[in-house]
Amino acid sequence: MKWRDNLINIAQTGESGKCPHCGSARTDYKCTIVVPDKRLGYMDIWCNDCLRAYHVSRMEVPEDLKTDGEIPQGLTY
């Protein structure tokens, strides 16, 4: 899985790290909470330069992960 290191970076530091496709440091992520009382939802990680992305579904969203911002249009998953 190409985005594995990014997932580890997010879990350890809250930063998404470099894009595994183009090497850009302009990456970002957003967690979306679907079931608020249990903090269940999903996460998208993407590169703002090459617009490649990864989607993690059915996860418990920890309090310290980012839930604000917009997910860009036109991403390739």
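The model is a predicted one.

Begin by selecting residues 27–35, 40–47 and 53–60, which are strands β1, β2 and β3. Together they form an open sheet of 3 strands in the order β1-β2-β3, with antiparallel pairing. In general, strands of a sheet pair through backbone hydrogen bonds. Colour β1 and β3 next: each has a single partner strand and stands at an edge, so one side of each is left without a neighbour in the sheet. On average, neighbouring strands are turned by 15 degrees against each other, direction ignored.

**The β1 and β2 pair.** Show β1 with β2, where the antiparallel pairing runs over 8 bridges. Within this pair, select Cys31 and find Met43 of β2 standing opposite.

**Two backbone angles.** Most residues other than glycine have a negative phi. Select Leu51, in the loop between β2 and β3; although not a glycine, Leu51 has a positive phi of about 60 degrees. Its relative accessibility is 31%, so Leu51 counts as partly exposed.

Finish at Arg58, in strand β3. Arg58 is not a glycine either, yet has a positive phi of about 50 degrees. Is Arg58 buried or exposed? With 83% relative accessibility, Arg58 counts as exposed, because the cut-off for that class is over 50%.

How values were computed. Residues are numbered from 1 along each chain as its sequence is written. This is a predicted model: local features need pLDDT of at least 70, side-chain atom pairs count only at pLDDT 80 or more; totals for chains, interfaces and linings use all residues. Side-chain values use heavy atoms; hydrogens and water are left out. Two strands pair if DSSP finds at least two bridges between them. Helices (H or I, at least four residues) and strands (E, at least two) are DSSP runs, numbered from the N terminus. Axes are lines fitted to C-alpha atoms, for helices over the stretch in contact, and angles run from 0 to 180 degrees between N-to-C directions. Buried means under 20% relative accessible area, exposed over 50%, partly exposed in between (1.4 Å probe, protein chains only).
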